[in-house]
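Take a walk through this structure, one part after another. Have the sequence at hand as you read.

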Amino acid sequence: MRYLKAGTRHTVRFVLNGREAEGEAEPRLLLSDFLRHQLGAFGTHVGCEHGSCGACTVRVDGKAVRSCLMYAAQVEGREVSTVESLATSDGLNELQAALQKHHGLQCGYCTPGILMSLSQLREEEPDADEARIRDVLSGHICRCTGYHGIVQAALEVFGKD
Amino acid sequence: MKPAAFDYACPDNLDEALALLAEKGEAARICAGGQSLGAMMNMRLANPAALIDIAGLAELKTIAVVDGAIEVGAAVTQAELLSWPELVDRQPLLAQALPWVGHYQTRQRGTVCGSLAHSDPSSELPLALALLRGEVILQSRKSRRVVGAADFQTGMMATALAADEMIVGARFPITKAGEASAFLEVAQRHGDFAIVAVAAIGDQQGARLGVGGVADTPGVIELGWPVNDTALNDFAWSLGGADDQHATARYRRELVRRLGRRALEEVHDALS
């Protein structure tokens with residue numbers, strides 16, 4: 001049995017955005033803080049820290065989840081992807097470009113989390129309609145856009161515009 | 001908004017988890033998806049000395065029909081049950097209720113049994129279990145017992161779980177021929193905690209109506225056809241809801257009357 005004592009740091013080895021990564025974490029260290037403070041991956045934003053706002057959403061083994069409701073220790077041996085994985089050498093990926101085109105962001109605080117949720121939806125449900133897109137977006141709070149531009153961007157990428 | 005220090009244990013099998021729980025007792029908490037417990041720990045509303053993570057235990061990751069009920073293991077996520085191909089045929093009420101549980105993102109880690117263990121008065125899965133007269137399977141190192149929904153939920157976020165026990169599975173009775181069901185909810189935003197949630201299931205003889213979000217535990221009544229407004233009104237008053245920051249007791253009673261009637265009408269329409 002893997003047993004990590006409180007108050008002591010333990011090595012966590014995992015795959016971050018396709019590359020082997022490792023860091024040191026106490027059991028109580030949140031995945032969101034681990035990514036930002038231990039690994040310097042600042043793309044993942046931290047909002048409410050109790051699972052309500054969706055800003056910290058990352059993908060763990062492909063599933064979009066709240067990184068403030070996971071501990072660093074829980075990604076041992078798993079694959080984590082963050083917003084840093086999306087852009088290609090050619091620039092923004094299609095979801096990012098569509099958000100830019102449709103003014104799907106203003107301050108950008110919620111955007112990394114939204115991109116990770118929409119990325120999973122795009123892969124698993126490429127035929128998602130507007131109702132499904134809105135259902136998935138309900139897990140994210142955006143206080144700038146009123147969501148309209150985000151929905152329009154998603155509809156374009158999903159071929160429903 | 002950071003949790004207090006705790007030991008983190010990742011047992012390799014159920015026996016190890018139960019042995020550790022027996023050793024640590026009340027100081028330990030079982031964690032499956034952590035979508036409620038993790039939030040409470042971040043807010044320091046829960047401060048366990050040890051967390052026993054059961055999410056990876058293959059023996060708890062099963063969904064099967066056993067003795068007339070869908071038996072859902074304690075490591076099965078809400079998203080996994082929702083995408084179980086037999087769900088709509090076996091128990092449509094669960095397929096109707098699960099999309100209301102949290103959000104897309106939290107359903108991918110949050111477990112069915114974890115939601116039952118958390119026992120929030122406004123949450124959907126305890127309501128579904130109560131309406132269907134389902135059961136939970138509780139296990140400790142020494143014993144295993146099956147407890148009905150009404151006896152399991154003892155109050156607001158309180159259950160019959162002993163300190164050395166954990167839920168290993170939940171049993172949701174499968175639907176019978178000639179039954180129909182409905183699930184409706186009002187919340188401030190989709191995915192927020194329900195102000196009132198109603199679930200109904202019935203056949204030609206009559207229906208059961210369940211309500212969450214008003215009393216400390218789900219309330220369930222049996223009704224005949226046609227839908228009787230006096231009975232609905234009496235039920236709404238009997239739940240004894242209180243005013244809080246989300247809604248007044250009066251508004252909740254009105255929702256019970258209106259959503260209750262609508263859910264029962266949906267069941268009735270589906271039957272005819």
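Domain bounds here come from an automatic or database domain assignment. For chain B, that assignment gives domain 1 (7–53), domain 2 (58–173) and domain 3 (180–271). The C-alpha centres of domain 1 and domain 3 of chain B are 34 Å apart. Chain A is assigned domain 1 (10–85) and domain 2 (94–157).

A word on the model and its labels. This is a predicted model: local features need pLDDT of at least 70, side-chain atom pairs count only at pLDDT 80 or more, and totals for chains, interfaces and linings use all residues. Residues are numbered from 1 along each chain as its sequence is written, while chains are lettered from A and ligands numbered from 1 in the order in which they are written.

Start where the chains meet. Two residues are in contact if their C-beta atoms, placed from the backbone, lie within 7 Å. By that rule, 29 residues of chain B are in contact with 30 residues of chain A. Helices (H or I, at least four residues) and strands (E, at least two) are DSSP runs, numbered from the N terminus. On the side of chain B that touches chain A, the elements giving two or more residues are strand S1 (7–10), helix H2 (37–42) and helix H6 (104–107) of chain B. S1(B) gives the most, with four residues. For classes, Ala, Val, Leu, Ile, Met, Phe, Trp, Tyr, Cys and Pro count as nonpolar, Asp, Glu, Lys and Arg as charged, and the others, Gly among them, as polar. This side of chain B has 12 nonpolar, 10 polar and seven charged residues.

Two strands pair if DSSP finds at least two bridges between them. Strand S1 (residues 2–4) of chain A is joined to S1(B) by three bridges, and the two run antiparallel. Within this pairing, A:Tyr3 stands opposite B:Ala9. Strands of a sheet pair through backbone hydrogen bonds, either parallel or antiparallel.

Now move along chain B to a sheet. Four strands of chain B form an open sheet in the order S11-S12-S13-S14, with antiparallel pairing. Which strands stand at the edges? They are strand S11 (180–186) and strand S14 (219–224) of chain B; each has a single partner strand, so one side of each is left without a neighbour in the sheet. Axes are lines fitted to C-alpha atoms, for helices over the stretch in contact, and angles run from 0 to 180 degrees between N-to-C directions. Neighbouring strands of this sheet are turned by 15 degrees against each other on average, direction ignored.

Follow one residue through the sheet. Strand S12 (residues 196–202) and strand S13 (residues 206–212) of chain B are joined by six bridges. B:Ala200 has B:Leu209 in S13(B) as its bridge partner. B:Leu209 in turn has B:Ile221 in S14(B) as bridge partner. S13(B) and S14(B) pair over six bridges. Their hairpin has six residues between the strands, and B:Gly213 takes a positive phi near 95 degrees there.

Helices come next. Helix H11 (residues 249–271) of chain B lies across S11, S12, S13 and S14 of chain B, at about 30 degrees to S12(B). Helix H10 (residues 229–238) of chain B packs with H11(B) at an angle of about 140 degrees, their axes 9 Å apart. Angles under 35 degrees count as roughly parallel, over 145 as roughly antiparallel, 65 to 115 as roughly perpendicular and the rest as oblique. H10(B) is therefore oblique to H11(B). In H10(B), B:Leu232, B:Asn233, B:Phe235, B:Ala236 and B:Trp237 meet B:Arg253, B:Val256, B:Arg257, B:Gly260 and B:Arg261 in H11(B). This contact has five nonpolar, two polar and three charged residues.

Finish in chain A. The C-alpha centres of its domain 1 and domain 2 are separated by 21 Å. Their contact takes 14 residues from domain 1 and 12 residues from domain 2 of chain A. On the domain 1 side, strand S4 (57–60) and strand S5 (63–66) of chain A give two or more residues. S4(A) gives the most, with three residues.
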